[in-house]
Amino acid sequence: MKILVIEDEQALSDSILAYFTGEGNICELAKDFASASEKIALYHYDCILLDLGLPDGEGLELLTQLKSANKKDGVLIISARHSLDDRLAGLDLGADDYLVKPFHLSELKARVSAIVRRKNFDGNNVIAFNEVKVDVTAMKITVNDQPVILTKKEFDLLVYFLSNKNKVVTKNAMAEHLWGDEMDLSDDFDFIYTHVKNLKKKLSEAGAKDYLRSVYGIGYKFSSQ
């Protein structure tokens, strides 16, 4: 998952980042309203963890920005505010869930995972595309019920393609999704080509049809047509 943590409390943001990155997720941090606003305008996230009380602005305004831009990022509000009015305000503005501080990181992870499943995979842990099946929770892939071993990046890339099946995804979008906004998005996308080539090879050797096609000058498309 690619997660944006909008939180100005140093100890809490450090623990959240360490917890999620330790499990192989891509995490970015915004400590104030201004940097958060810039990030959500430029990038897409599977889930945004949003604190409401920021030093230079109100977190609820960021929800308004997301809604105005018609962005589909999942949003989990994490806040010390526990009144019903605050909860309703956040949910009415488009947040997917609301978690009151303090909380256990294991519960935070469960809430985030549930949001991502609802957003990308209709609430399912297993994604099926003809003979290809991916268990996103167990991180297991099978082709015709036979296991396929992928690297972490190859797995992330396959899940990304499946969540955007039948759509053309650009090389920039793929690089940003897999490496985050710290990635130097130069004109050299050889690293993307290498991961795609390896993924295609492993799926083909396992007996999958060739669903992954190059779209000249743009990127790739995962489709049966």
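Colleague: Start with H7. What covers its buried residues?
Modeller: The cover includes strand E1 (2-6), strand E2 (26-30), H6, strand E12 (168-170), H8 and E14. Keep in mind that this is a predicted model.

Colleague: And which residues of H7 are buried?
Modeller: Met174, Ala175, Glu176, His177 and Leu178.

Colleague: Take Met174. What is it in contact with, leaving aside neighbours within four places in sequence?
Modeller: Leu157, Tyr160, Phe161, Val169, Ile192, Val196 and Tyr220.

Colleague: Now the largest nonpolar core. Which members touch the most others?
Modeller: Val134, Leu158, Phe161, Met174, Val196, Leu199 and Phe222, out of 28 residues in that core.

Colleague: Which elements supply at least two residues each?
Modeller: Strands E8 (126-129), E9 (132-135), E10 (140-143) and E14 (219-222) do. So do helices H6 (152-163), H7 (171-179) and H8 (190-205).

Colleague: Which one gives the most?
Modeller: H6, with 7 residues.

Colleague: What lies apart from that core?
Modeller: Another core, of 21 residues. Leu4, Ile6, Tyr45 and Ala95 are among them.

Colleague: Switching topic. Where is Ala208?
Modeller: In the loop between H8 and strand E13 (212-215).

Colleague: Buried or exposed?
Modeller: Ala208 is buried, because its relative accessible area is 11% and the cut-off for buried is under 20%.

Colleague: What is Ala208 in contact with, beyond its neighbours within four places in sequence?
Modeller: Glu131, Val132, Val143 and Leu203. Asn130 is 78 residues away from Ala208 along the chain, yet their C-alpha atoms are separated by 8.9 Å.

Colleague: Back out to the whole chain. How many helices and strands?
Modeller: 8 helices and 14 strands.

Colleague: What about the radius of gyration?
Modeller: The chain has 18 Å. A compact globule of 225 residues would have one near 17 Å, so the two agree. Along the principal axes, the C-alpha atoms fill a box of roughly 55 × 35 × 30 Å.

Colleague: How much of the chain is buried?
Modeller: Buried residues are 43% of the 225. The accessible surface is about 11400 Å², and carbon and sulfur atoms account for 51% of it.

Colleague: And contacts between residues at least 24 apart?
Modeller: Those make up 57% of the contacts between residues at least 6 apart in sequence.

Colleague: Last one. How many positive and negative side chains?
Modeller: 28 positive and 35 negative. The centres of the two sets lie 8 Å apart.

Technical notes:
Residues numbered from 1 in each chain as written. Predicted model: local features only at pLDDT ≥ 70, side-chain atom pairs only at ≥ 80, totals over all residues. Heavy atoms only, no water. Helix = DSSP H or I, 4+ residues; strand = E, 2+ residues; numbered from the N terminus. Rg over C-alpha atoms; globule rule 2.2 N^0.38 Å. Buried < 20%, exposed > 50% of the residue type's maximum accessible area, 1.4 Å probe, protein only. Contact = heavy atoms within 4.5 Å. Areas by Shrake-Rupley, 256 points an atom, 1.4 Å probe, with all protein chains shown as cover. Lys, Arg positive; Asp, Glu negative; His and termini not counted. Charge placed at Lys NZ, Arg CZ, Asp CG, Glu CD. Core = buried A, V, L, I, M, F, W, Y, C linked by side-chain atoms within 4.5 Å.
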